[in-house]
Amino acid sequence: MIGRILGLIGGCLMFLALTVEAQRPAGGPASFDHARHAKLFVACSTCHGDVSQTAGARFPTVTQCATCHDGKPLRIVAWQPRVGPRPSNLTFDHRSHQALRVTRGDTGVTCTDCHTPSGGGWMQVRAPEAAQCLSCHRAGSRSHLALSDTACATCHVPLSRAVAFTRERIAAIPRPPSHAVAGFQGAGGHGIMAKHTTAREGVASSCATCHVQPYCTWCHVDAPEVKQIQALGFHPLAGAVPRHLDPPANHARADFELRHGALAGPVAQSCRTCHTQESCTTCHLSQLPAAAKGLYHAGPGRGRGAVTTARRPTTHTPTWKTAHGVVASASIRSCSGCHTRESCLTCHVPSPAQRGGYHPVSYLTRHPADAYSRSSSCAECHNQAQFCQSCHQAAGVVAQRTLLGAGGYHDGKRQFFVGHGQAARQSLETCASCHVERDCLTCHSAQKGRGFSPHGPGFDSERMLRKNPQLCMACHGTAIPRR
């Protein structure tokens, strides 16, 4: 009979050993099933010793487990006690906690007070919960997450110091109710809370408990300039915490695209937190506005910031294609904010087949005025040395060398030759479209020719000589006269 009883006990213990072995994670030590050992141990100290004598946790050694699991008859289990820092962000240690309770005369504490759920049986072990701690550490009627921000450092170390915290535990950190208040993401919400700290800490302990620098740089392009962010540490698994960037309420307005330039102001101070210069170039292709130039460039240590998407302005209705010419003629600068020359040339190609596709009807008869006054840049689409001359030559409008009377190209103004100096000083580029230097030197040369001075009244030769002496040498050679 005794042999049968011992055999049954051995079989049960063998089943227990196999169960423990089956719980061993791949590549890691075996986990311990307290409930299946409940009838074998009558005290926690059998395996964990007197925890009040040590700051950290105490685990049974391999030798202690081998007392039963020695292979005769119980199977040897792959148990290894945990080494290194514990996967926690608590400042708690058993020794100081026990000493404090003894000082206060509370000597009736047992392991089950903290490690067993309310109403739980023997060896139903789990880690302490915040609500269980608050049952002794009175906090009035306030819950754990609703406690004052200054209370975090009482029980928790900064996340940067919880080096053994796993990705899953970081991701499971609950979100405090204060984070759900409207406007919390703005500078008047979490930005103000982060500054509630001492000079030694640099950032509020409530922020450092759950956050590290990489979490903030997800949104903060200006992170290197914010001392509260720089006061936070690092954690290799900080990316486990979910992050999102909600745009401000005014960004949802229908007219925000039209008004955002005025809202940004001259230096875009309010935009620097979330936007980089690169986020502006999504729309501002040809020329970056002055305010956008005050933003930071994307780079190491800075967050990606807001990712912008180019959207059609509200003015670009289905009929915009046929109506945009009037707006472009009145204010081409507003178009150049989003469009480049190439985007216009996709449709407006300067060719005989599409000559009327860009300019209005009868523009050919009045284009000399626009070209002379430079109200529009012909060179954006036309090669003045080829396109203009080919048309003028075909029409018989050419530069004829006559001193007085008809001048071919300049027939629009009789005796243009007499006053051409003023036109040349105003827009020498238009002259260079047809004329070369030798055309000018026929008259304007100090070495030969008619000797007419090209310089107008009040000409400062010394200033020109200092600015560009090579221009003087084109006519005067090395013998440049000095006044």
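The questions below concern a predicted model.

Q: Why is S279 called buried?
A: The relative accessibility of S279 is 8%. Buried means under 20%, so S279 counts as buried.

Q: What makes the pairing of the S279 side chain with the backbone oxygen of T276 a polar contact?
A: The side chain of S279 reaches that oxygen of T276 at 2.7 Å. A polar contact requires N or O atoms within 3.5 Å, and the 2.7 Å value therefore meets the distance criterion.

Q: Where in the secondary structure does S279 lie, and which residues does S279 touch beyond four places in sequence?
A: S279 belongs to helix α14, which covers residues 277–280. Setting aside residues up to four places away, S279 touches A306 and T308.

Q: What does the secondary structure of the protein chain consist of?
A: The protein chain has 24 helices and zero strands.

Q: How many of the 483 residues of the protein chain, as a percentage, count as buried?
A: The buried share is 21%; the cut-off applied is under 20% relative accessible area.

Q: Which elements of the protein chain have the lowest and the highest mean pLDDT?
A: Helix α1 (residues 2–22) has the lowest, 35, and helix α12 (residues 227–230) the highest, 89. For the protein chain, the mean pLDDT is 75, with 80% of residues at 70 or more.

Q: Why should the contacts of residues 1–30 be read with caution?
A: Over residues 1–30, pLDDT stays under 50, although the model has 35 contacts there beyond four places in sequence. Where pLDDT is low, predicted coordinates should not be read in detail.

Definitions and conventions. Residues are numbered from 1 along each chain as its sequence is written. Side-chain values use heavy atoms; hydrogens and water are left out. Helices (H or I, at least four residues) and strands (E, at least two) are DSSP runs, numbered from the N terminus. Buried means under 20% relative accessible area, exposed over 50%, partly exposed in between (1.4 Å probe, protein chains only). A polar contact is a pair of N or O atoms within 3.5 Å; within protein, one must be able to donate a hydrogen and the other to accept it, and residues adjacent in sequence count only if both atoms are side-chain atoms. Contact means heavy atoms within 4.5 Å. pLDDT is the predictor's confidence in each residue, from 0 to 100.
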